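The sequence and the model come first.

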Amino acid sequence: MTIAHRILAACLTACSLGPAFAAQLPSADTMAWLVLHGNFCPGVCDTSDAFGPTQGIERNTYTNPHGGTTTAEAWLSPTSAHAYLEANNSQAVFDLSMRDVYTVHGSATAPFSITVHLSVDALAEAVWSARAKAYFLMYNYATVKIGSFNNSTVPGFSEQFRVGAFPGATATYHVAEQTSPLAFSEVMHAQTSYTRTVAPDETFELGYGFNFQSIYGRIDAMHSAHLDFDLPPGVWLTSANGAVFGTPPVPEPPAVALMAAGVLGLLMTRRRACRR
């Protein structure tokens with residue numbers, strides 16, 4: 001057994017990989033739910049139920065009983081997720097979930113299809129392992145999924161089920177275990193989509209999940225996890241969380257319209273005068 005495999009076996013035992021049961025739970029009307037957990041604190045380490053860079057999980061460094069460390073930060077917006085997760089001999093997991101209610105607008109008169117895309121492009125960087133005397137990437141995952149948001153407040157609810165993915169609407173990127181005497185990195189890309197039929201003026205709800213995990217590695221997804229829609233021409237969506245997808249028509253300001261009418265009237269009057 002190689003040194004890397006011995007370290008992995010020891011860490012899998014010490015880190016107690018398994019589902020997270022949040023000690024703190026969201027309220028029934030929660031739209032955003034962020035959970036950080038791992039073997040560096042009992043149960044759940046930190047949570048947030050709000051959108052925005054100042055309302056998420058602030059960057060902190062934690063130490064587990066085995067001397068391993070985790071540094072983590074995350075926040076959500078209605079159109080993106082932002083996460084940083086660094087683990088060194090420490091099992092660390094981010095579960096970032098949100099839901100939104102959309103209203104369909106536009107000139108369409110019959111039902112039509114729309115597609116939502118969810119993606120993440122993160123950078124996984126190796127961290128130095130003093131035990132192996134090498135740079136390590138081990139157990140690094142990035143997962144995205146589109147589905148239904150479960151707002152359960154039942155104690156013991158597992159965060160891995162907070163968003164139940166629709167069939168085919170989930171994707172995971174796994175970085176294979178790697179070690180090297182030199183620093184190295186790998187780009188992580190996971191993307192999924194979901195298509196549904198909607199009608200004009202319809203409202204509908206979607207849930208989104210982002211999951212990041214590491215034992216040895218530094219995952220930087222602070223600027224690269226996004227959601228967007230493919231919409232027919234003339235259609236746009238507004239959301240309960242304040243996002244707009246598509247291009248609404250720009251209303252003509254009354255003052256501008258009045259001025260344009262006045263100028264047009266003046267030109268027509270001058271044209272009649274010239275003809276006489």
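Asparagine 89 counts as partly exposed, because its relative accessibility is 23%; buried means under 20% relative accessible area, exposed over 50%, and partly exposed in between, with a 1.4 Å probe and protein chains only. The model is predicted: local features need pLDDT of at least 70, side-chain atom pairs count only at pLDDT 80 or more, and totals for chains, interfaces and linings use all residues. Residues are numbered from 1 along each chain as its sequence is written, and side-chain values use heavy atoms, with hydrogens and water left out.

Asparagine 89 belongs to strand β5; helices (H or I, at least four residues) and strands (E, at least two) are DSSP runs, numbered from the N terminus. Its phi is positive, about 60 degrees, although asparagine 89 is not a glycine. Most residues other than glycine have a negative phi. Aspartate 201 also has a positive phi, near 70 degrees. Aspartate 201 sits in the loop between β12 (185-198) and β13 (203-230), and it counts as exposed because its relative accessibility is 64%.

## Pairing around β8

Strand β7 (residues 127-129) pairs with strand β8 (residues 134-137) in the antiparallel sense, over 3 bridges. Two strands pair if DSSP finds at least two bridges between them. Across this pairing, tryptophan 128 is opposite tyrosine 135 in β8. The hairpin of β7 and β8 has 4 residues between the strands, and lysine 133 in that hairpin takes a positive phi near 55 degrees.

Strand β8 is also joined to strand β11 (residues 178-180) by 3 bridges, and these two run antiparallel. Here phenylalanine 136 has threonine 179 of β11 as its bridge partner.

Where in the strands is serine 97 placed? Serine 97 is in strand β5 (residues 80-106), and it counts as buried because its relative accessible area is 4%. Leaving out residues up to four places away in sequence, the contacts of serine 97 (heavy atoms within 4.5 Å) include Met31, Trp33, Phe149, Arg162 and Tyr208.

The C-alpha atoms of alanine 83 and aspartate 220 are 6.5 Å apart in space, while the two residues are 137 residues apart in sequence. Asp220 is also among the residues that alanine 83 touches, together with Glu73, Phe94, Leu96 and Phe212.

## Aromatic rings

How many aromatic pairs are there? The count comes to 9, where rings of Phe, Tyr and Trp (its six-membered ring) pair if their centres lie within 6.5 Å. One aromatic cluster is formed by Tyr102, Phe204, Phe229 and Phe245.

Arginine 59 lies over the face of tyrosine 84, at 4.0 Å from the ring centre. A charge sits over a ring if NZ of Lys or CZ of Arg is within 6 Å of the ring centre and within 35 degrees of the ring normal.

## Nonpolar cores

A nonpolar core is a set of buried Ala, Val, Leu, Ile, Met, Phe, Trp, Tyr and Cys residues joined through side-chain atoms within 4.5 Å. The largest has 55 residues, and those with the most contacts inside it are Phe94, Leu96, Tyr208, Phe212 and Phe229. Another core lies apart from the largest one and has 6 residues, among them Val127, Phe136, Ile215 and Tyr216.

The residues touched by leucine 96 include Trp33, Leu76, Ala83, Tyr208 and Phe212, again leaving out those up to four places away in sequence.

Notes
Rings of Phe, Tyr and Trp (its six-membered ring) pair if their centres lie within 6.5 Å; planes under 30 degrees apart count as stacked, over 60 as edge-to-face and the rest as tilted.
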